[in-house]
Protein chains: 2
Amino acid sequence: MADTIAFLTPDSGILDRREQIVADLSAFLPSNRLIHKPRELVPFETDGYLAYRRRPLCVALPETTEQVASVLGYCHTHKIPVIPRGAGTSLCGGAIPQEDAVVIGLSAMTRIIDVDFLNRCATVQAGVTNLSISEAVGAQGFFYAPDPSSQLACTIGGNIGMNSGGAHCLKYGVTTNNLLGVKMVLIDGTVIELGGKALDSGGYDLLGVICGSEGQLGIVTEATVRLLAKPEGARPVLFGFDSAEAAGTCVADIIAAGIVPVAIEFMDKPAIDICEAFAHAGYPMDVEALLIVEVEGSEAEMEAMLAAICDIARQHGVKTVRESQSATEAALIWKGRKSAFGATGRIADYICMDGTVPLSQLAYVLRKTSEITDRYGLRVANVFHAGDGNMHPLILYNINDPDDAARAEAAGNEILKLCVDAGGCLTGEHGVGIEKRDLMRHQYSDQDLAQQMAVRAAFDPDWLLNPSKVFPLEGRT
Amino acid sequence: MADTIAFLTPDSGILDRREQIVADLSAFLPSNRLIHKPRELVPFETDGYLAYRRRPLCVALPETTEQVASVLGYCHTHKIPVIPRGAGTSLCGGAIPQEDAVVIGLSAMTRIIDVDFLNRCATVQAGVTNLSISEAVGAQGFFYAPDPSSQLACTIGGNIGMNSGGAHCLKYGVTTNNLLGVKMVLIDGTVIELGGKALDSGGYDLLGVICGSEGQLGIVTEATVRLLAKPEGARPVLFGFDSAEAAGTCVADIIAAGIVPVAIEFMDKPAIDICEAFAHAGYPMDVEALLIVEVEGSEAEMEAMLAAICDIARQHGVKTVRESQSATEAALIWKGRKSAFGATGRIADYICMDGTVPLSQLAYVLRKTSEITDRYGLRVANVFHAGDGNMHPLILYNINDPDDAARAEAAGNEILKLCVDAGGCLTGEHGVGIEKRDLMRHQYSDQDLAQQMAVRAAFDPDWLLNPSKVFPLEGRT
């Protein structure tokens, strides 16, 4: 993509002192945990957004909260920008560095500190991957609910930064609904603890504002998360429709009837083609839109909920209804859905939008999205968390064609504005990062943004933490 | 209770200008909406905490967001403290005024603005009572989940201020889990909107920090809340035990097994006696502790969950198990529980603690609580949300005996410290207010409190909103 977005101008004073800074930081870290050679810095130049690259000053990979505190304290004293990084899977450029910044990567902090079944929670270091929490407690019948598609790789620290969701968050909520406490280092090296094993606590809910703050308020080093009991059974069911609009209004009617399955995922024809070619999930190929609805519980409970859902689907002219008949088939159905982004990447470059809309607007926004991409001469595949109204149009383009890239970006911006104008918002789970920074004024009034920035300044008055992100560069307070 | 807690010294300059202030404010409000005669101010001198009284300067009862903004803007310009008030049911003194303050009561803002079944949400003015939301949508099969015992009287604005819970929050979460958006007036009269009908939004989760901020960050005038579908069926079941400890460990084991009923309420023998005498709910009188466990769903689902719970209860030597057999009986069982505080008030004055502990500590904290009240020669009744670990010891005393009152307060403080030391917190749902303000240092480090106050100052730099509450008076930043 064309490098069209503005970054902050690097501080030449910091660049000139690079060698001294590296030498100073090496005192705080094990010898193999400070990366500064140009070739070794390449993997840290961008993240899952891929549209922009910047080489950071150096990368610190601390192993303990104390090491994080030492590095942050040093950067604070010397006014050096800091970019927190988990696994670098951000889809909005949340972990893209800048030239005068120290990246603090949490990938070496992978210890599961405590599993407490009695209180249904686990405490882990921030670099632990999302999936490994569920793996650590699966044998005892528990799991950690939020399940981003990148859950094999993404870290709990990154999930907290972006308030990540996933297919099963319709029933279980997103990260903020499953986070009980954090240990966090402030920019000056102070270590604070928020929340804990008990529900709620006196004083302000700073835990809530940390979750989704995109690394701008501090660096989380430990998290206590809620564990849930695995359901007795779970079954994905495929519903095929002749039009995207019929599928979209069907979703709205299911939710409006008060039925909350574990997941309602939507795929349009292009997405079905892409995912089926990759995963051989057995998706129906003769439909224009597919819903994957997962129900769970006892056999009786699943049957009752499915009957109610089928009634509604029939009112919208459902063409195919197919229940998964085995665990293998269920796993394939989900493999197809969860590999959607990777499978799309095999056939084209893409940018993935993340607008969220009220369910009543789902069918309308799908239709307008397709009008917009048609107008720009671009292909689009829609695969998303329909029950939450969290849309993910994947706009396909050629990253090496600057004109194509510019059109993809323009179309993406129009789609996000459409979501906001339909009563929704810019981002459901991927974050603002650098990608949607300049669209924030479309969502928020100047007063709204000023209040958010005032809160930010209460944590980081010098704007050292992830400074290029979230807020438009102009008009900052 | 002895007036032992410090209030801020009233600003004599403001007191001297009382007549001018009343005259100025009357320009912003309908003629019957500004209360300033001493006799008419009496009902606003205290709230559900009752321990302290202060007569405010005057009380404004605005009908619109614009009127709230005008009054706040005036108070901001003239540096007059402001005390937001809902129905005045606060149990921690959150709505107790001070002499130099203007109370802004939301009780005249009772309009249900919009009910949107398609998006499963309702938008209401802040003075709407909790229960009236469920009443407005009940015929269509929906309800608003958080159910404080005061739900007949308490307002949604007050619920947001205190992040209120209730018996059924074990399954459905507390206010913060059911709040989608607010319209809020900042201290300078600026109106902002946070959240909305779509899930999540870009930027910081300021909605989360507003919920539970006890009226110190702004005044919420409208709220958009989540509506849930009523379950197919629901049934409370009574489990009687020979000891409080057996009941307590039974609760911990139910939750540790991953079973989440809608509600698990605990009553010890004194609470059973008090509630049965008032409500004739049919509670067993030959047990030392009672659990009210509510299951819901289809018949098959309720049966399955109950069977699993009964298995665990038997392991703890349960003495009595009785399922409600009719809607009338179920209503009586809940009437007994929900009237516990009122029924206690008939036999003695009391203070109600609100500490929350990890479930593994429930039995231990119950035993220590009884040791503490024994040592002070006071009676205690325990009735609380056991599934959440949210304890409500009611310490009985005589409000007209200063020595008794001082001992009750001292015992209460010891119990709250016990909860914190057991890994819990000072307050699960009642808030800090004035009651627990000076205990905040027991829960939080100086750094923790400094960061909370920095966030507060980002909203209200002059500390005009509810200034005597939440934070210890000394050491404020």
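Biologist: What makes the area between domain 1 of chain A and domain 2 of chain A "buried"?
Modeller: These two domains of chain A bury about 1200 Å² between them, and 75% of that is on carbon and sulfur atoms. Buried area is the accessible area (1.4 Å probe) that two parts lose on being put together, summed over both, so the figure covers both domains. Thr65(A), Leu72(A) and His76(A) supply 37% of what domain 1 of chain A buries here, more than any other three residues.

Biologist: What kind of model is this?
Modeller: This is a predicted model, where local features need pLDDT of at least 70 and side-chain atom pairs count only at pLDDT 80 or more, while totals for chains, interfaces and linings use all residues. Residues are numbered from 1 along each chain as its sequence is written, chains are lettered from A and ligands numbered from 1 in the order in which they are written, and side-chain values use heavy atoms, with hydrogens and water left out.

Biologist: How much area is buried between chain A and chain B?
Modeller: About 5000 Å², with carbon and sulfur atoms giving 60%. On the side of chain A, Leu118(A), Tyr204(A) and Gln451(A) lose the most area to chain B, together 15% of what that side buries. The contact takes 64 residues from each of the two chains, A and B.

Biologist: How do you know which surface the copies meet through?
Modeller: 100% of the interface residues of chain A are also interface residues in chain B, so the copies meet through the same surface.

Biologist: Why is the relation of chain A to chain B called a two-fold axis?
Modeller: Copies are superposed by least squares on the C-alpha atoms of residues with pLDDT of at least 70 in both. Chain A can be laid on chain B with an RMSD of 0.0 Å by a turn of 180 degrees and a shift of 0.0 Å along the axis. That is how a two-fold axis relates copies.

Key: Contact means heavy atoms within 4.5 Å.
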